[in-house]
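Dear colleague,

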Amino acid sequence: MGSLSTEAGCQAIREAWNCTSLEKAESFLTTQGSSAPLELENFVSNKFNPSTQHLDAINPKTGKVFARVPVSSAQEVDEAVKNATDAFKSWSKTTVAVRSKYLQKIAQLIQENHELFAVWESLDQGKTLARARVEVDRAISNFNYFSTFILHQETAARMIDGVALTYEHRSPAGVFALISPWNMPLYLLTWKIAPCLAFGCTAVAKPSEVTSMSAFLLCEVFRQSGLPSGVMNVVFGDGPTTGSALVRSPLVKGVSFTGGTATGIQIRKDTADQIYKHLSLELGGKNPTLVFDDVDLTKAVETAAMAAFENQGEICLCGSRIYVQSSIYDRFVSTFTSYVQDNYKRGGRMGAVVSLPHYRKIRSYLELAASEEAQFVIGEIPAADPQDGLWIDPVILTGVSTSSRVMREEIFGPVVTIAKFETEEEAVELANDNPNGLAAVLLTKDGARIRRVGEQIEAGLVWVNCWLVRELGTPFGGMKNSGTGREGGEYSRDVFTVVRTLHIPM
């Protein structure tokens, strides 16, 4: 376990850093934390800075306030951006070897404090501790991957016969706004921070105001790593106040955002007159799972259930629309239902949903499903006013119209619809019948069908007989309303660098 330096000037960091197990954290929240919530602070130029405006952060599993999160003003955002701009002048000139060592040090510090991050990620977001541990592992992988990627880059050189040699030269793009969502707070924030720093950019990050705790702890990791002042800054706050000020800043040269489609559209509007800005927007999904009749039913059910209900369905890549070939439809529904009932239980593999507004959103879709006479195979409409945490048990719906909002809109919770199809052509048509196109799951043993169907699905990521498998060099992003741009390996390099072509005469 990494030790906390006495130089840490923020009381909340000192208190949170001592909660190295779930038991310690829960004990702290029950005693001191209940009367004096942790007061998070912004992190600018390697210093923690208190704010005057705050909002409450709740523990979804209990519904009780445990922290106060800053709502950073436009002035506070501007100060962070200016510091990042000053730091860019020197950071952008560091060698890849130097940047690589910093990223490796950050990865090491997260590893040393692995359980600390997992505990607070679980308490803050509502996910299970087991799921949180997986996401801490992935955050470490993000820094390790890009720390080595930048040491082995290639560029292109071409000859104009007898005239000139041309070659491509890349340089860091500038200061970036890195804005991450609440469902996988640490993993998705580090997915942006690691390549941003690796390719020589500086940044101001804004995590979701709903789940700010792991980003707050990460600030102390940056400080302990010795990262130069101003290279990585974190401001907390909501979208309209803090996020908008950040993306609108003329000093910000690019925005990497993961979150809802509506916010992505607003970012496009806010930056419409800033043509120079690099935009990478990974937005919502309403992803299909296609189950053909040649599958191993047991394995297909397990994969489809994981894709539907992992992290309470609060993953943009979840397969929430399941389509099953008619010849095995009844068997699949029966087997799938039994498997979910046995394996996705409250407090076991199912955590609480993230916030009261989100709880009410999910509930509203279930009310709509009931009004449209959908069949609740399992699950029910949860209480209007939850008393003991924000818990929603898995819901399996059948008989939902393809035109229903339940079928077409991203619910982002433990709700899945199951419908049938007859032919391969119909399966593709149903899969593509949605304005989103982020991901899809294809379950079949037929090798020719894998290519035929997989290459027709309008989705940026297609998993065949698996789900959530990632190689960090592959392009990550969606089609249609699920976003623009790709990140991962060389694709992240495209986001965070600018390229020029030099022509040298023979």
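**Helix packing and burial**

Helix H12 passes helix H13 in a right-handed crossing, where right-handed means that the near helix is turned clockwise from the far one by less than a right angle, and left-handed anticlockwise. The model is a predicted one, in which local features need pLDDT of at least 70 and side-chain atom pairs count only at pLDDT 80 or more, while totals for chains, interfaces and linings use all residues. Residues are numbered from 1 along each chain as its sequence is written, and side-chain values use heavy atoms, with hydrogens and water left out. Helices (H or I, at least four residues) and strands (E, at least two) are DSSP runs, numbered from the N terminus.

The axes of H12 (residues 297–309) and H13 (residues 329–343) come within 9 Å and cross at roughly 60°; axes are lines fitted to C-alpha atoms, for helices over the stretch in contact, and angles run from 0 to 180 degrees between N-to-C directions. That angle makes H12 oblique to H13 (under 35 degrees counts as roughly parallel, over 145 as roughly antiparallel, 65 to 115 as roughly perpendicular and the rest as oblique). In contact (heavy atoms within 4.5 Å) are Leu297, Val301, Glu302, Ala304, Ala305 and Phe309 of H12 with Arg331, Phe332, Thr335, Phe336, Tyr339 and Val340 of H13.

A second pair is H7 (residues 129–149) and H8 (residues 185–198), whose axes come within 9 Å and cross at roughly 10°. H7 and H8 are therefore roughly parallel to each other. Residues making this contact include Phe143 and Phe146 of H7 and Tyr187 and Trp191 of H8.

In helix H11 (residues 261–270), Gly264, Ile267 and Asp270 are buried (under 20% relative accessible area; exposed is over 50% and partly exposed in between, with a 1.4 Å probe and protein chains only).

Ser244 is located in H10 and counts as buried because its relative accessibility is 15%. Apart from neighbours within four places in sequence, Ser244 contacts Gly239 and Asp270. Ser244 lies 22 residues from Gln266 in sequence and 8.7 Å from Gln266 in space, C-alpha to C-alpha.

With kind regards
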